[in-house]
Amino acid sequence: MSVRKRKVENTRSSDKNKSKKSEVDLATLLESHPTLKVVETEYGEKIKSTLTGHELKSRLDILENFVSSKTYSRAVKGWYDDERFKKHEPYIVPNKKDSKKLFCTLTKISLNKIPEQVEKHVNGKKFKRLRKEMELKEAQTAKLKKAKEEALAKRNSNRNANRKTADDKRKDGFSVNKLENELTNVIESDDDDDNDVSMQETT
């Protein structure tokens, strides 16, 4: 066997060993990262990250680069999870245009979903000043609303009381008139009886 043939065979066997080793390493990598799933696509078998939504070729070097990237490490730490930032609502809310960002309703600034940046923004002078102004405004509007409701309730109760007294007066007037009419009828009938008796005596 020539030297050239031996070299070719050695390279083939080393390639086979490398591919076997990479398959083993790929399997262990997928086991250690349960958020990476093997999916079948129209272009063949790919690895999909359930955290970021990325689809990658099933190659060890590509997956290692992805796993060590900032995007993946931040996703694992929960940086893109909105639950972490709910304590700052309603002033810090999810950005409607970019799902990886937040939006400040007071300063009208877009923020990255990085806890340190959000805390720095929330503890800033501008945010604190605007928040204080907003809370004062909300308290004043709530006070005005309560005063309006109380005034409306008082006015309604006065109307009901006036309506009741008017109804009572109407009822009382009706009953008095009725009694007066009945009395006049009785008196008139008595007068008629007396007249009849006197006429009989004369005859």
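**Exercise 1. How many bridges join E1 to strand E2, and in which direction do they run?**

Step 1. Take E2 as residues 44-49; six bridges join E1 to this strand. Two strands count as paired if DSSP finds at least two bridges between them.
Step 2. The two strands run antiparallel. Helices (H or I, at least four residues) and strands (E, at least two) are DSSP runs, numbered from the N terminus.
Step 3. Check individual partners. Lys37 has Lys48 in E2 as its bridge partner. Leu36 stands opposite Ser49 in E2.
Step 4. Follow the chain from E1 to E2: a hairpin joins them through two residues.

Keep the source in mind: this is a predicted model, in which local features need pLDDT of at least 70 and side-chain atom pairs count only at pLDDT 80 or more, while totals for chains, interfaces and linings use all residues. Residues are numbered from 1 along each chain as its sequence is written, and side-chain values use heavy atoms, with hydrogens and water left out.

**Exercise 2. In what order do the three strands form the open sheet, and why is one side of E1 and E3 left without a neighbour?**

Step 1. The order is E1-E2-E3, with antiparallel pairing.
Step 2. Strands E1 (36-41) and E3 (55-57) stand at the edges. Each has a single partner strand, so one side of each has no neighbour in the sheet.
Step 3. From one strand to the next, the twist averages 40 degrees. Axes are lines fitted to C-alpha atoms, for helices over the stretch in contact; angles run from 0 to 180 degrees between N-to-C directions.

**Exercise 3. Which residues of H2 are buried, and where do they lie around the axis?**

Step 1. Buried means under 20% relative accessible area, exposed over 50%, partly exposed in between (1.4 Å probe, protein chains only).
Step 2. Leu60, Leu63, Phe66 and Val67 are the buried residues of H2.
Step 3. Their arc around the axis is only 130 degrees, which puts them on the same side of H2. The arc is that of the directions from the helix axis to the C-beta atoms.
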